[in-house]
Amino acid sequence: TDSDDVSDPEKEIIQEELKNMPFEDLIKLKEKLGAKVYNSTVLGINKKTETVQKKKFKRENKNRPREISFRKPVVSKKKKKNSTGPRDPRFDEKCGEFSRSEFKKRYSFVEDMRKNELIELRANLKKTEDPEEKIKLKRVIQRLDNQLKESSKQKEREESQSTAIQEAQQARDEGKTPIYTNKKQEKLRELVKQFKDLKETGKLKKHIEKRRKKNASR
C-alpha cells in the first residue's frame, strides 16, 4: 500500500491503534510494510524529494552588471599580508615605541645639513645678480632660518623641562616640596631669555621696532 493513498484521519486511527503494540511487533510490521510506508504511516514522517532547478542568471545586455542571487553568499578574497615585504617603522609595533629624544639624537645630522645649506644659500645670494633669483633665494633662506630658530627653541624648551624634572626629583629626595612651573611661568622664562639673547647680540632695538610696526598695523 502506498503511503500517499492513506488519508490523514486514517493515519491518526492507525497511529492510535499502534500505540499499545509491543516493540517486537512494530519491528515486524516495519519489515513487512517497508521503511517508507512505516515512517509515513506510523511515525508521520513524509520525505518528498523535490528537484530544485538552479536559476541561471544571465545578462540581457553585456554592458549591464550580472544578476546574482542574494541567497548565495559573496566570498571576499582577502589579500594575505606579506610578512617579508617592506615595513614602515613609524607604524610597526615590532619596532618599539617612538622616543622623541632618541629620534632627535639619531637624526641630529639633519640640522647640521640645514646649517650648511643655509651658508651655501647666503653665498649664492651674494654672487647672483639676477633679481628674480635673489627673491627666490631670500625666501628659501628666510624659511630655512625660521626652521633652525624654531628647532633651537624647541631644544631649549626640552632642556628646561628636563632640568625642572631633575630639580623636582632632587627636592623630593631631600624631603622638600618640589616647585612646579605652569605654562605662563615657562612662557615668561622664555621671553626673559629671548630678551637677554637679543641684548647680547645687539638686535634688541631692531626687534622692538619690528614689534611696534607689527602692532601698529593691526
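Q: What share of the 218 residues counts as buried?
A: In this predicted model, 11% of the protein's 218 residues count as buried.

Q: And how much accessible surface does the protein have?
A: About 21400 Å². Carbon and sulfur atoms account for 51% of that surface.

Q: How many helices and strands are there?
A: There are 8 helices and 0 strands. Read from the N terminus, the order is α-α-α-α-α-α-α-α.

Q: What about contacts between residues at least 6 apart in sequence: what share joins residues at least 24 apart?
A: That share is 42%.

Q: Which helix gives the most to it?
A: Helix α5, residues 109-127. It gives 3 residues to the nonpolar patch.

Q: Where does F98 lie?
A: F98 is in the loop between α3 (35-43) and α4 (100-106).

Q: Why is F98 called exposed?
A: Its relative accessible area is 61%. The cut-off for exposed is over 50%, so F98 qualifies.

Q: Now charges. Which residues form the positive patch?
A: K203, K206, K210, R211 and K214 form that surface patch.

Q: Take K210. Which helix is it in, and is it buried or exposed?
A: K210 lies in helix α8, which spans residues 204-217. K210 is exposed, because its relative accessibility is 63%.

Q: Switching to D145. Which helix holds it?
A: Helix α6, residues 131-173.

Q: Buried or exposed?
A: D145 counts as buried, at 17% relative accessibility.

Q: What is D145 in contact with, leaving aside neighbours within four places in sequence?
A: L118 and R122.

Q: Last one: T181. Where is it?
A: T181 sits in the loop between α6 and α7 (183-201).

Q: How accessible is T181?
A: T181 is partly exposed, because its relative accessibility is 29%.

Q: Which residues does T181 contact, again leaving out neighbours within four places in sequence?
A: E186 and R189.

Q: And what separates the C-alpha atoms of T181 and A164?
A: A distance of 8.2 Å. T181 and A164 are 17 residues apart along the chain.

Key:
Residues are numbered from 1 along each chain as its sequence is written. This is a predicted model: local features need pLDDT of at least 70, side-chain atom pairs count only at pLDDT 80 or more; totals for chains, interfaces and linings use all residues. Side-chain values use heavy atoms; hydrogens and water are left out. Patches are made of residues with over 30% relative accessible area and no salt bridge: like charges are joined within 9 Å, nonpolar side chains (Val, Leu, Ile, Met, Phe, Trp, Tyr) within 5 Å. Accessible areas come from the Shrake-Rupley method with a 1.4 Å probe; for residues, only the protein chains shown count as cover. A salt bridge is a side-chain nitrogen of Lys or Arg within 4 Å of a carboxyl oxygen of Asp or Glu. Lys and Arg count as positive and Asp and Glu as negative; His and the chain ends are not counted. The place of a charge is taken as NZ of Lys, CZ of Arg, CG of Asp or CD of Glu. Helices (H or I, at least four residues) and strands (E, at least two) are DSSP runs, numbered from the N terminus. Buried means under 20% relative accessible area, exposed over 50%, partly exposed in between (1.4 Å probe, protein chains only). Contact means heavy atoms within 4.5 Å.
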